[in-house]
Amino acid sequence: MRKFKFGVDTFIWSEAFEEKDLWVIKKADELNFKVIDFAVAHPDAFPTQQVINELAKTDLIPVTTTTLGYGTNPISPNPEIRAAALEHMKCMVNVSKAIGARITGGVNYAGWGYRTLKPKTLQEWEWGVESMRQIAEYALATYPELKICVEPCNRFETHFLNTGYEAVAFCKAVGTPNMGVHLDCFHMSHEEQDWTSAVKVCGKQYLGYIHVNENQRGIPGTGMVDFHTFFGALEDIDYDGYCVIESFDPNFEELAGNCSIWRRFAPTGEELAVRGLANLERIADEVDARREPGPELQLAD
């Protein structure tokens with residue numbers, strides 16, 4: 001039987017979560033999500049205390065994610081940019097601690113969209129590992145309950161970590177016990193061999209977080225992602241974390257443009273999330289039903 005919980009990302013309603021978006025917390029709770037993923041663009045400006053107050057009115061479990069950029073890129077040749085990345089991620093640790101999030105994920109190992117048009121180099125690997133090790137050690141000292149999860153992305157968004165295998169290797173190179181992998185079915189549909197190998201490569205030790213997105217970023221359960229097989233693999237490793245829907249309101253021109261979303265999959269991001277939750281819960285129930293043992297045969301005397 002499944003142990004994982006379904007959640008929703010604030011990107012459904014907001015491009016950059018700010019004080020004006022606090023209503024989203026109550027809305028996510030009303031829609032029967034169990035987890036809320038705060039997409040934090042600017043951790044130094046995050047409305048931390050207000051979020052704490054609103055979360056206290058719900059039973060939602062908080063998670064944080066972030067996306068580093070060209071000016072906060074841990075694998076940049078520029079040491080000042082690498083230093084800015086470190087400060088950004090220390091802020092993410094602080095925000096996560098304050099709101100009680102025990103998972104922080106996202107593209108936190110390189111600048112999102114930064115590509116050299118060549119395979120990653122040993123020097124980039126060393127810069128990335130050293131930067132993340134400093135972040136992980138800072139987290140261990142200040143908030144040891146936090147797991148830092150790196151999200152492998154498709155080849156068009158990064159040249160650094162594309163697969164679960166690479167992400168696990170990165171975590172092992174960092175070498176601290178608070179590292180994990182953040183899988184995303186959208187990126188997996190581009191880069192993985194199948195829907196089980198990445199899950200098994202990560203295993204219970206490293207698989208820390210999941211975005212359950214469709215291959216075309218549409219309504220989960222309406223595309224090519226084999227969620228039956230994927231959820232079965234999660235149960236095989238006894239995954240007890242969070243499976244969160246991350247998509248974007250089609251009215252967000254900048255975010256939709258950056259993610260190359262050129263058509264609508266639902267009238268609003270909220271409808272996409274609601275219909276996706278219904279589909280995913282149905283599929284997860286079907287997986288559980290298939291796995292339930294039948295009645296034992298009684299042998300005649």
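## Strand pairing

In this predicted model, I103 stands opposite K147, a residue of strand β5. The two strands concerned are β4, covering residues 103-107, and β5, covering residues 147-150, which run parallel and are joined by two bridges.

This pairing belongs to a closed barrel of eight strands, whose order is β1-β2-β3-β4-β5-β6-β7-β8 and whose pairing is parallel. On average, and with direction ignored, neighbouring strands of the sheet are turned by 30° against each other.

## Helices packed on β5 and β6

Helix α4, formed by residues 122-142, packs on the sheet and touches both β5 and β6 (179-184), with its direction making about 155° with that of β5. Helix α5, formed by residues 164-174, likewise packs on the sheet in contact with β5 and β6, and its direction makes about 165° with that of β6.

## Helix α3 and its ends

Helix α3 comprises 21 residues, 79-99, and reaches 31 Å from its first C-alpha to its last, which is close to the 30 Å expected at 1.5 Å a residue. At its N-terminal end α3 is capped by N78, which has a side-chain oxygen 2.8 Å from the backbone nitrogen of E80, while just after the helix G100 takes a positive phi of about 85°.

The buried residues of α3 are A85, L86, H88, M89, M92, V93, V95, S96 and I99. Their cover includes the strands β2 (35-39), β3 (61-67) and β4, together with the helices α2 (48-55) and α4.

Definitions and conventions. Residues are numbered from 1 along each chain as its sequence is written. This is a predicted model: local features need pLDDT of at least 70, side-chain atom pairs count only at pLDDT 80 or more; totals for chains, interfaces and linings use all residues. Side-chain values use heavy atoms; hydrogens and water are left out. Two strands pair if DSSP finds at least two bridges between them. Helices (H or I, at least four residues) and strands (E, at least two) are DSSP runs, numbered from the N terminus. Axes are lines fitted to C-alpha atoms, for helices over the stretch in contact, and angles run from 0 to 180 degrees between N-to-C directions. Contact means heavy atoms within 4.5 Å. The expected span of a helix is 1.5 Å times one less than its number of residues. Buried means under 20% relative accessible area, exposed over 50%, partly exposed in between (1.4 Å probe, protein chains only). A polar contact is a pair of N or O atoms within 3.5 Å; within protein, one must be able to donate a hydrogen and the other to accept it, and residues adjacent in sequence count only if both atoms are side-chain atoms.
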